[in-house]
Amino acid sequence: MQQTQQADPVEKVRKWLHEAGFPVEIRVTEATIFTVEDASMAVGVPPSEILKSILLLADERPVLALMSGPNKVDLKKVKRHLDARKVRMCDPDFVFAYSGFRIGGVPPVGYPEQPFALLDEDLFQFAVVWAAAGSDHAFFPVAPEELRRITGGEARDIKR
């Protein structure tokens with residue numbers, strides 16, 4: 001059964017952040033943040049300070065890889081860290097069906113049940129990184145340590 005009315009994805013993220021005790025202002029831009037390059041230009045920071053939230057399936061369990069903008073996720077490293085038999089990237093249809101978020105606006109938080117998160121160690125070079133907030137026009141700043149706290153994730157070497 002399909003839902004006839006989806007909750008506003010940005011409001012979903014805003015509510016989640018508020019309930020997690022993370023008071024932050026979600027910013028909305030006319031410019032798209034669909035790609036790392038788009039986000040870098042819209043936010044006005046280097047690509048490495050843009051957070052990519054990539055939904056994976058590890059033995060059919062959703063897992064987030066939270067990556068520094070230019071970095072690519074190494075699925076073999078993720079597999080090893082999770083002691084999983086199989087890890088694969090989710091396709092856009094699965095991401096939307098599972099989370100209610102579309103590719104280009106996938107946030108690190110705001111899920112009905114927070115997926116386990118692996119944080120790219122490179123994120124911790126920066127005081128703040130910029131995360132999508134549910135759409136390809138909304139984003140918010142977050143310190144990597146705070147990101148680890150609110151996601152319950154672990155910092156790992158997961159880049160290719």
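Reader: In the hairpin of S2 and S3, which residue takes a positive phi?
Author: Asp-59 does, with a phi near 50°, and the hairpin has two residues between its strands. Keep in mind that this is a predicted model, where local features need pLDDT of at least 70 and side-chain atom pairs count only at pLDDT 80 or more, while totals for chains, interfaces and linings use all residues. Residues are numbered from 1 along each chain as its sequence is written, and side-chain values use heavy atoms, leaving out hydrogens and water.

Reader: OK, how many bridges join S2 to S3?
Author: Eight, and the two strands run antiparallel. Strands here are DSSP runs of E, at least two residues, and helices are runs of H or I, at least four, numbered from the N terminus. Two strands pair if DSSP finds at least two bridges between them.

Reader: What stands opposite Leu-55?
Author: Leu-64 in S3.

Reader: And which way do S3 and S5 run, parallel or antiparallel?
Author: Parallel, with four bridges joining S3 to S5, residues 116-120. Ala-65 stands opposite Leu-118 there.

Reader: Switching topic: which residues touch the most other members of the largest nonpolar core?
Author: Val-13, Leu-17, Ile-26, Leu-66 and Phe-140, out of 28 residues. Such a core is a set of buried Ala, Val, Leu, Ile, Met, Phe, Trp, Tyr and Cys residues joined through side-chain atoms within 4.5 Å. Elements supplying at least two residues each include helix H1, S3 and helix H5. Apart from it lies another core of 13 residues, among them Ala-65 and Leu-82.

Reader: Now salt bridges. How many does a search of the whole structure find?
Author: Eight, each being a side-chain nitrogen of Lys or Arg within 4 Å of a carboxyl oxygen of Asp or Glu. Lys-15 forms one with Glu-19, with the closest N and O atoms 3.6 Å apart.

Reader: Are Lys-15 and Glu-19 buried or exposed?
Author: Both are exposed. They are separated by about one helical turn because they sit four residues apart in helix H1.

Reader: What about Glu-145 and Arg-148?
Author: Their side chains meet in a salt bridge at 2.5 Å, N to O. Glu-145 counts as partly exposed because its relative accessibility is 47%, and Arg-148 counts as partly exposed at 26%.

Methods:
Buried means under 20% relative accessible area, exposed over 50%, partly exposed in between (1.4 Å probe, protein chains only).
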